[in-house]
Amino acid sequence: MQDTVLKTQSVSKYFYDPVKFRVLDDISIQVYKGEFLTLVGKSGSGKSTLLYCLSTMDTDYEGSIEILGKPITGSNIDTLAAIRNENIGFVFQFHYLLPEFTCLKNVMIPALKLGRHSREEIEHKAIEKLEMLGLGEQALKPASKLSGGQQQRVSIARALINDPAIIMCDEPTGNLDSKNSKIVFDIFRQLSSEYGQTIIAVTHDNDIAERSDRTITLEDGKIVA
Amino acid sequence: MKLNVNYSIALTHILSRKRQTITAALGVTIGMAIYLFMNSLSAGFTKYSRNEIFKSNAHIKIYQDDEMSKPLVTHKDALTVIINPQITNTSKKIINPEALLADVKKQPYITNAIAQVNFDAFYSRGSTQIKGTGSGVDIMDNSAMFNFGEYMVAGSLKALQDNKNGIIIGSGISDKLSLGIDDNITVSSSYGVVKVLKIVGIFSTGSDFNDSSKCYTNIVTAQQFLKEGPDFVSAIYANTPDPDVSQAYVDKLKNITQYTVEDWKTTNADVLAGDSVRGLMMGAISLSILLVAGFGIYNILNMTVSQKINDIAILKAIGFSGKDVIRIFVSEAFIMGLLGTFAGVCTGLLMVKIMSGIYVGPPIGYFPIYFELHIFAGSFLLGLGITICAGFFPARKASKVDPVSIFRR
Ligand SMILES: Nc1ncnc2c1ncn2[C@@H]1O[C@H](COP(=O)(O)OP(=O)(O)OP(=O)(O)O)[C@@H](O)[C@H]1O
Ligand SMILES: [Mg+2]
């Protein structure tokens with residue numbers, strides 16, 4: 001029996017603006033340790049919405065979610081922030097970096113916030129992650145001076161810095177060419193199989209979906225496969 | 001480590017938008033400098049007017065107030081005999097002043113006490129006559145209380161003590177009658193007593209009114225001008241360790257004498273009311289300027305929060321709590337405020353220094369403005385407090401940002 005790192009029970013969510021409609025409909029899934037899970041579906045099917053609920057950032061849903069065996073539904077927002085900091089790495093659909101900071105500092109910030117390691121250790125580790133993503137040269141550049149694809153890779157490095165149990169990605173390869181897409185895919189593969197980290201990735205890339213461990217397909221907020 | 005990351009984010013924000021930071025800080029600097037300057041000025045004026053008051057007033061005055069004659073009523077139900085109420089003449093003097101003076105001096109909270117005999121004086125030479133007032137005093141005690149020795153421009157205090165028929169006059173009288181040291185001056189009183197006295201000293205206090213009307217004689221001389229015996233004293237003056245709480249001493253003194261005890265605040269209520277109105281106005285104006293500077297910080301931070309809403313959403317996504325976000329933005333306000341208040345204190349100091357070197361001319365002399373530590377320290381804290389408050393509201397707004405709604409845009 002595999003360890004469950006994330007579990008949802010009948011998660012439903014509504015939007016009321018402009019008219020009431022059900023964006024997520026009775027979603028119950030279990031995600032296991034070391035699993036590489038992909039979420040696919042047509043645009044507007046509710047993939048991002050589901051990911052925000054799983055990431056603890058969206059708390060406005062029905063049903064319940066458990067992360068690492070602990071129910072998080074209804075927890076206080078500061079507690080949720082601490083859970084995100086320690087256990088969840090997030091890669092956004094549109095690469096979001098802090099523009100005034102260097103790439104290196106962007107990668108370091110979640111670890112500085114966690115405060116588990118010394119500054120030197122964090123810096124060392126951040127450089128390692130950046131090099132892994134082919135960004136060693138760019139480390140000291142301000143984030144705003146990078147191309148879209150480079151920024152996306154920096155945000156992946158940032159998601160990895162605290163060695164989170166779960167890494168959530170919203171179209172992590174959306175801005176990348178095939179070469180870099182492959183690098184990112186290989187990294188995810190390695191993280192899940194060698195380091196036992198769980199990857200939940202929303203993707204439109206059939207190639208990636210096919211080669212992941214499991215694929216969940218959404219349609220109008222329902223799991224169809 | 002944990003604290004550091006918030007502050008280093010705040011610092012990076014500040015440094016990456018130097019112009020806005022400087023604008024905000026400059027607003028605080030100007031507000032702060034004006035606040036300091038106006039309050040120092042107000043305090044300086046108050047100090048100046050106090051000094052003026054204490055040149056001729058003691059902290060406490062004990063005297064026999066005028067008493068009105070009362071209508072004669074023999075019985076509650078009897079007819080009231082209507083009379084014309086008048087000041088009763090006999091009650092003007094203090095009975096046994098020596099004993100009272102000694103008694104007052106004995107009080108532990110009295111630092112100094114003297115007796116004065118005051119009379120209306122007319123100084124004349126030939127057909128020229130000047131009206132004024134005279135005080136019979138123990139000149140040494142008097143000088144100790146009012147720092148009178150400082151104002152002597154000719155002759156000496158000691159000469160009056162040594163000469164029963166001596167007189168010290170104001171420089172204005174001396175000029176108008178063209179009489180100098182060792183000249184004789186004819187002085188008459190409202191009781192018709194005329195004396196020829198020898199000028200043994202001339203003083204100049206800088207107050208035109210005093211200088212051209214006042215004179216000092218020995219107590220005995222003054223009593224003779226009033227046709228009174230050696231028991232007569234018009235008033236007893238006493239000083240206390242702290243003039244600000246003179247009322248408390250007045251209450252205590254009232255227990256040992258039945259005469260009217262009045263503190264300098266009562267005597268000079270008009271001047272003090274003027275002082276406090278001026279202080280209040282200056283305080284209110286300068287405080288509002290400081291508040292406007294606070295609004296400057298509020299505005300700039302509000303703008304920053306709006307512009308940085310993406311960054312705030314990211315920070316929250318990667319695990320910063322609402323409190324962390326508040327800390328980040330309040331620190332930014334604090335840094336701007338600290339820069340501003342520090343520069344403001346320096347500017348204020350400079351302004352006070354420059355102003356205090358400006359000579360206004362007599363009787364004021366140099367501009368009455370001084371460096372007062374408590375004003376500067378208080379303003380510094382006030383400036384910081386206002387900027388932190390100004391920073392708190394935008395920071396709270398930032399802490400409430402919902403990251404999901406930002407990422408969806
Ligand atoms: N704030 C909102 N208010 C109302 N409706 C919303 C809101 N945000 C999203 N929706 C709707 O919810 C549905 C699901 O949106 P979501 O972003 O989850 O889709 P998605 O599967 O991620 O699409 P894509 O592949 O284009 O990113 C869409 O129909 C969208 O229009
Ligand atoms: Mg999406």
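In the predicted model, strands S2(B) and S3(B) form a hairpin with 2 residues between them, and Gly126(B), which lies in the turn, has a positive phi of about 60°.

The domain assignment of chain B gives two segments to each domain, with domain 1 made up of 2-53 + 271-407 and domain 2 of 60-67 + 87-264. Taken over C-alpha atoms, the centres of domain 1 and domain 2 of chain B are separated by 52 Å. A local feature of chain B concerns Tyr366(B), which is found in strand S12 (residues 365-366). Residues up to four places away in sequence being left out, Tyr366(B) touches Ser356(B), Gly357(B), Ile358(B), Tyr359(B) and Val360(B), while the C-alpha atoms of Tyr366(B) and Met355(B), which are 11 residues apart along the chain, are separated by 8.5 Å.

The size of an interface is often expressed as the accessible area that is lost when the parts come together. Between chain A and chain B the buried area is about 2,500 Å², of which carbon and sulfur atoms give 64%. In chain A, the residues that lose the most area to chain B are Tyr96(A), Glu100(A) and Lys113(A), which together account for 27% of what that side buries. The contact takes 25 residues from chain A and 29 residues from chain B.

Between chain A and chain B the count is 3 salt bridges, and in one salt bridge the side chains of Lys308(B) and Glu100(A) meet at 2.3 Å, N to O. Across the same interface of chain A and chain B, 8 residue pairs are found in polar contact, with both residues at pLDDT 80 or more. On the side of chain A that touches chain B, the elements that give two or more residues are helix H1 (47-54), helix H2 (77-87) and helix H3 (103-114) of chain A. By class, this side of chain A has 14 nonpolar, 3 polar and 8 charged residues.

Over all chains, a search of the whole structure finds 21 salt bridges. Within chain A, the side chains of Arg214(A) and Glu35(A) meet in a salt bridge at 2.7 Å, N to O. This pair links distant parts of the chain, 179 residues apart, with Arg214(A) in strand S10 (residues 214-219) and Glu35(A) in the loop between strand S3 (30-32) and strand S4 (36-41) of chain A.

Two features of the backbone of chain A remain to be described. Most residues other than glycine have a negative phi, and most peptide bonds are trans. The peptide bond from Asp17(A) to Pro18(A), however, is cis, with omega near 5°, and Pro18(A) is placed in the loop between strand S1 (4-15) and strand S2 (21-27) of chain A. Asp26(A), which lies in strand S2 of chain A, has a positive phi of about 55° although it is not a glycine.

Notes: Residues numbered from 1 in each chain as written. Chains lettered and ligands numbered in written order. Predicted model: local features only at pLDDT ≥ 70, side-chain atom pairs only at ≥ 80, totals over all residues. Heavy atoms only, no water. Pairing = 2+ DSSP bridges. Helix = DSSP H or I, 4+ residues; strand = E, 2+ residues; numbered from the N terminus. Domains from an automatic or database assignment. Contact = heavy atoms within 4.5 Å. Buried area = accessible area lost by both parts, 1.4 Å probe. Salt bridge = Lys/Arg side-chain N within 4 Å of Asp/Glu carboxyl O. Polar contact = N/O pair within 3.5 Å; in protein donor to acceptor, adjacent residues only side chain to side chain. Nonpolar A, V, L, I, M, F, W, Y, C, P; charged D, E, K, R; others polar.
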